[in-house]
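Welcome! Please open the structure in your viewer and keep the selection tool at hand, as this tour goes from stop to stop.

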Amino acid sequence: MSVPEVLRDKDLMRSWSRSRRCNGQTIALVPTMGFLHEGHLSLIRTAKSLADLIIVSIYVNPSQFSPSEDLSTYPSDISGDLRKLSAAGVNAVFCPAELYHSASGNELGGHREAINGERVVASCLEDVGSGHETWIRVERLEKGMCGTSRPVFFRGVATVVAKLFNIVEPDVAVFGKKDYQQWRVICRMVRDLDFDVKVIGSDIIRDFDGLAMSSRNVHLSPTQREKALSINRSLSKAKLAAEKGQKNCQDLKDLVKQTISEAGGKIDYVEIMEQQGLRPVEEISCPVVICVAAWFGNVRLIDNLEID
């Protein structure tokens, strides 16, 4: 079992990558926020089939959380993560203490951005008075679904991923398709800004009981976890109904909502979108994805299922 090199400095990380690429080696990046589980390890296995060297980043990105969200309680186990990454054969781990410039002088105070001229929104990064001013927006794909209830989320994700691409300079980057909208946002950013990175989406990994693996699952009580199984159950029901000829998306969405609500979940959204551009559809006539977000207690879970 090899021990991966742990890099915390941006310049050292960039130098590490460039020296390996100069030797003709290809690099795959698996971005994470830590507290690794089997879903993350499956991304690493996918990455190992695509490149010579694997870098895993661990960074809980404050710019994708609003002050009312769970940044302060996001689970962490860096020593456990490093043991798992050693066993997985990762070559390097990039875990910076910070990726954003600190504020100083007249930069302090925290910029607040008006969304649609109505709502004033700031991320946790801005809330503490960061000096960071530059953001990447994927303007259409970031709207709706998670973008509605988490208005700073995709701006923060796109920006931090762009920063990681500029620092690590990978040939390939692997993302989980559980965060389906996030994956599509990153694909579009890479296309539109001409990043020389191949983005791969890896299928959802589920636990033994069918719950999609997530670092937030640790916050579920046994009763809440049992109720949360209704998400996967509802998606399977909808897919079966579609395969039997039900093409009306509203009927399929109602089926999903009913199954989750009857189990005690609180619906954030249920949407059926075409897979590539995430445009809503009324009748299934092309490959679609059913996307769900629901609350069980104080835990918000997301899941999806593609229908091809």
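## Stop one: aromatic rings

Five aromatic pairs turn up when the whole structure is searched. To count as a pair, rings of Phe, Tyr and Trp (its six-membered ring) must have centres within 6.5 Å; planes under 30 degrees apart are called stacked, over 60 edge-to-face, and the rest tilted. Select phenylalanine 65 and tyrosine 74: their ring centres are 6.2 Å apart and their planes stand at 75°, so this pair is edge-to-face. Now try phenylalanine 153 and phenylalanine 154, whose ring centres are 4.8 Å apart with planes at 75°, so this pair is edge-to-face.

A word on what you are viewing: this is a predicted model, in which local features need pLDDT of at least 70 and side-chain atom pairs count only at pLDDT 80 or more, while totals for chains, interfaces and linings use all residues. Residues are numbered from 1 along each chain as its sequence is written, and side-chain values use heavy atoms, with hydrogens and water left out.

Tyrosine 74, at 14%, counts as buried.

For a charge to sit over a ring, NZ of Lys or CZ of Arg must be within 6 Å of the ring centre and within 35 degrees of the ring normal. Select arginine 155 as well: this residue lies over the face of tryptophan 135, at 3.8 Å from the ring centre.

## Stop two: phenylalanine 154

Return to phenylalanine 154, which is placed in helix H6 (residues 153–168). Helices (H or I, at least four residues) and strands (E, at least two) are DSSP runs, numbered from the N terminus. Phenylalanine 154 has a relative accessible area of 3% and is buried. What is phenylalanine 154 in contact with, leaving aside its neighbours within four places in sequence? Show Ile136, Glu142, Cys146, Gly147, Gln181, Gln182 and Val185. Contact here means heavy atoms within 4.5 Å.

## Stop three: serine 17

Select helix H1 (residues 10–22) and find serine 17 in it. At 0% relative accessibility, serine 17 is counted as buried. Not counting residues up to four places away in sequence, serine 17 touches Ile27, Ile55 and Val168.

## Stop four: helix H8

Now select residues 222–243, the 22 residues of helix H8. At 1.5 Å a residue, H8 should span 32 Å, and its end C-alpha atoms are 33 Å apart, which agrees; the expected span is 1.5 Å times one less than the number of residues. Buried residues of H8 include Ala228, Leu229, Ile231 and Leu235. The buried residues of H8 pack against helix H9 (249–262), strand E10 (288–296) and strand E11 (299–307). Just after H8, look for glycine 245, with a positive phi of about 115°.

## Last stop: two domains

Colour domain 1 (5–202) and domain 2 (215–307) separately; such bounds come from an automatic or database domain assignment. Their C-alpha centres lie 26 Å apart. In domain 1, 23 residues are in contact with 19 residues of domain 2. About 1900 Å² is buried between the domains, with carbon and sulfur atoms giving 51%; buried area is the accessible area (1.4 Å probe) that two parts lose on being put together, summed over both. Finish by selecting Met145, Tyr180 and Arg184: in domain 1 they lose the most area to domain 2, together 35% of what that side buries.

Key: Buried < 20%, exposed > 50% of the residue type's maximum accessible area, 1.4 Å probe, protein only.
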